[in-house]
Amino acid sequence: MKSATLARSIDASVCRYVDLDEFTDLLPAQILSEQECERADAFRFGTDRQRFVAAHIALRQVLSAHTGLPADALDFAVGAFGKPSLQGRPRTQFSMSHCQGLALIAIGGRGPLGVDVELLRRVPDAAALAARHFTRRENEALAGLPAHERDRAFLTCWTRKEACLKAIGVGLLVSPQSFEVGLEPDCRSVELSVAGRILWLVLGAAPPRMDCVGAIAEWRETQGRATVSGPMAEARA
């Protein structure tokens, strides 16, 4: 079975958090692109604008240290569904996620990466959200937990699904209900079906931190879907 043989390791030499509300480095005009400045100016509230600026400055600084290029010289391209890449550096894979005042940045050199982070908090509508986005087994596992464990478990599963979707960068083409990630921060291989192909990812936990949960995924392999008939074909449809 492919998922059993896929090496369960993620190539991410950098995977670290940035406290955006404590970030006091360069002003946006000194390091960000014109497009990034325009996106920052579009925020209605100053706090959101400052956090966006801090996150993107931090990303440029980390990528600069990784590549040896000046932070203000980094040129980004954006895929059809919004996933960014570094122009002229196809072997430099990266992903960034931020939740309120906390960002998570990962950089690697193998397959496309996806990260997601959520601050630990109460999620009153967790059951309703899970019913729309989690698999049947994930919903059953969530319902079976003691009430005081459900918020963390929900957020863990949520970030794991988001990390996988960000790694493959295809937007809403893939339903989060169509693949299994579990409620535990374990390391596993994940299979996603996209446009007639099977995508294999390795999924794991971001570095532990008391106030949040985070996940990181790496897209490792793609293969054509085998022709299947009968009940199995219906199950995969």
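Helices (H or I, at least four residues) and strands (E, at least two) are DSSP runs, numbered from the N terminus. The model on display is predicted: local features need pLDDT of at least 70, side-chain atom pairs count only at pLDDT 80 or more, and totals for chains, interfaces and linings use all residues. Residues are numbered from 1 along each chain as its sequence is written, and side-chain values use heavy atoms, with hydrogens and water left out.

**First selection: Ile-105**

Please select Ile-105, which lies in strand β5, residues 102-108. The relative accessible area of Ile-105 is 0%, so this residue is buried (buried means under 20% relative accessible area, exposed over 50%, partly exposed in between, with a 1.4 Å probe and protein chains only).

Next, display the contacts of Ile-105, where contact means heavy atoms within 4.5 Å. With neighbours within four places in sequence set aside, Ile-105 touches Val-14, Cys-15, Arg-16, Val-18, Ala-58, Leu-59, Val-62, Ser-95 and Met-96.

Now select the open sheet of 3 strands, whose order is β1-β5-β4 with antiparallel pairing; two strands pair if DSSP finds at least two bridges between them. Strands β1 (14-19) and β4 (93-99) stand at the edges with a single partner strand each, so one side of each has no neighbour in the sheet. From one strand to the next, the twist averages 15° (axes are lines fitted to C-alpha atoms, for helices over the stretch in contact, and angles run from 0 to 180 degrees between N-to-C directions).

Between β1 and β5, the antiparallel pairing extends over 6 bridges. Here Arg-16 stands opposite Ile-105 in β5. Helix α4 (residues 46-67) packs on the sheet and touches β1, β4 and β5, and its direction makes about 25° with that of β5.

Most residues other than glycine have a negative phi. Which value does phi take in Gln-100? Phi of Gln-100 is near 55°, a positive value in a residue other than glycine. Gln-100 is placed in the loop between β4 and β5, and its relative accessibility is 49%, so Gln-100 counts as partly exposed.

Finally, move to Ala-195, in the loop between β7 (188-194) and β8 (197-205). Phi of Ala-195 is near 50°, again a positive value in a residue other than glycine. Is Ala-195 buried or exposed? Ala-195 counts as exposed because its relative accessibility is 81%.
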